[in-house]
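The following exercises are to be worked through with the sequence and the structure at hand. Each task sentence is followed by a solution in steps.

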Amino acid sequence: MGARKLSYAGRLTLANSVLNTLHNYWGSIFLIPKTVVQKIVNRAPLVAWNKVCCSKSEGGLGVKNAENWNIATVGKLVDWIYKNADRLWVLWIDHVYLKGQDWHTYIPPSDSNWNWRNICKVRGLLSAGYMNNVWQDARGYSVGSGYAWLQGMHPPVQWHKEIWDGWCVLKHSIIGWLIKQQALNTKQKLFQLRLCDNDVCIICGAATESREHLFEDCQYVLRIIEQLEQWMHLSMTGQNALLSKLQKKVARMAKLACWYTIWLERNRGRLEHRITRPEILVQDIQRLVKARVQLLLRGPVMIADQHWLKKMQIQIS
Ligand SMILES: [Zn+2]
């Protein structure tokens, strides 16, 4: 399939849906070989795979870690045996393999079939989660709880809400996430890797093109941000504790659209050796924000927000 041609956003959606389908169908019976899993998920990553597989609130993309999900799915069978569930399959397993031996310490004979040995292997991987043959989660074993246990805990991040707001465009969110992960290949990075003959900002030519410069300090970027802030009557960078819910959503959307547009413009500038006037980019961002507010705004709007939208010349019906 042409996964190579897909954007990062498309690939993310594809990876999750393919893996889910595959696992729901096969994963509950077999332990899918590691090499197959690797073929599905592998590509040269901008961000380490274990980071990608963290939940969004932990700074990841919430992509399923296919290997662990697979183990957790097979874990369902392991748990049936632990619980001595009232199932024909469990009776059969006991009759053919266990013959009354303790499941927690059972070792399969080396000539037993590979499927059974795989189930025993998963038992080994999950066994630390069992105390006296009872799964550590009070609600009992579920694929979700087994998966969470295998993934372990990661410290939460503060910024996930500003990146993954439902009003933001997905491809903007992904660029925002890559910026937060310091994963974009800025010229500073490329120059350090000797993949570039200088590290100067393509847009202004006056400083090193670091992440901070490109998205916060570059004169060009500051002009765009200034014009957007004037238009929205709020600060896109400062603390906005007094803003309404709607204003916060719109500010987040504008900020991510701004970052995305700058990154696109920087990449275009690298190829075409010319830079668009900031006013033009501001207009593009304004058009996008207007269209999305009109599309996504539902229900009654507070009077103060109505005035605010009017000042920004956003008509709502
Ligand atoms: Zn610059």
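**Exercise 1. Identify the residues that touch the most other members of the largest nonpolar core, and state where this core lies.**

Step 1. Of the 34 residues in the largest nonpolar core, those touching the most other members are V221, I224, A254, A257, C258, W259 and I285. A nonpolar core is a set of buried Ala, Val, Leu, Ile, Met, Phe, Trp, Tyr and Cys residues joined through C-beta atoms within 7 Å. The model is predicted: local features need pLDDT of at least 70 and side-chain atom pairs count only at pLDDT 80 or more, whereas totals for chains, interfaces and linings use all residues. Residues are numbered from 1 along each chain as its sequence is written.

Step 2. Two or more residues of this core come from each of α9, α11 (211-217), α12 (219-232), α13 and α14 (278-296). Helices (H or I, at least four residues) and strands (E, at least two) are DSSP runs, numbered from the N terminus.

Step 3. Helix α13 gives the largest share of this core, ten residues.

Step 4. Because domain 1 (1-156) and domain 2 (160-311) both contribute residues, this core lies between them. The domain bounds come from an automatic or database domain assignment.

Step 5. Two residues are in contact if their C-beta atoms, placed from the backbone, lie within 7 Å.

Step 6. Another core, of 13 residues, lies apart from the largest one; among its residues are L77, I81, I119 and V122.

**Exercise 2. Describe how helix α9 packs against helix α13.**

Step 1. Two packed helices are described by the angle between their axes and the distance between the axes.

Step 2. For α9 (residues 170-180) and α13 (residues 245-272), the angle is about 80 degrees and the axes are 8 Å apart. Axes are lines fitted to C-alpha atoms, for helices over the stretch in contact, and angles run from 0 to 180 degrees between N-to-C directions.

Step 3. Helices α9 and α13 are therefore roughly perpendicular to each other (65 to 115 degrees; angles under 35 count as roughly parallel, over 145 as roughly antiparallel and the rest as oblique).

Step 4. On the α9 side, the contact is made by K171, H172, S173, I175, G176 and I179; on the α13 side, by L256, A257, W259, Y260 and W263.

Step 5. By class, this contact of α9 with α13 has seven nonpolar, three polar and one charged residues. Ala, Val, Leu, Ile, Met, Phe, Trp, Tyr, Cys and Pro count as nonpolar, Asp, Glu, Lys and Arg as charged, and the others, Gly among them, as polar.

**Exercise 3. Carry out the corresponding analysis for helices α4 and α6.**

Step 1. Helix α4 (residues 66-83) packs on helix α6 (residues 114-126) at an angle of about 100 degrees, and their axes are 9 Å apart.

Step 2. That angle makes α4 roughly perpendicular to α6.

Step 3. The residues in contact are I71, V74, G75, L77 and V78 of α4, together with N118, I119, V122, R123, L125 and L126 of α6.

Step 4. The classes in the contact of α4 with α6 are eight nonpolar, two polar and one charged residues.

**Exercise 4. Is L309 buried or exposed, and which residues does L309 touch?**

Step 1. L309 is placed in helix α15 (residues 303-311).

Step 2. L309 counts as buried because it has 20 C-beta neighbours inside 10 Å. A residue is buried if 20 or more other C-beta atoms lie within 10 Å of its own, exposed if 12 or fewer, and partly exposed in between; C-beta atoms are placed from the backbone.

Step 3. Not counting residues up to four places away in sequence, L309 touches I314 and I316.

Step 4. The C-alpha atoms of L309 and M232 are separated by 8.5 Å, although these residues are 77 apart along the chain.
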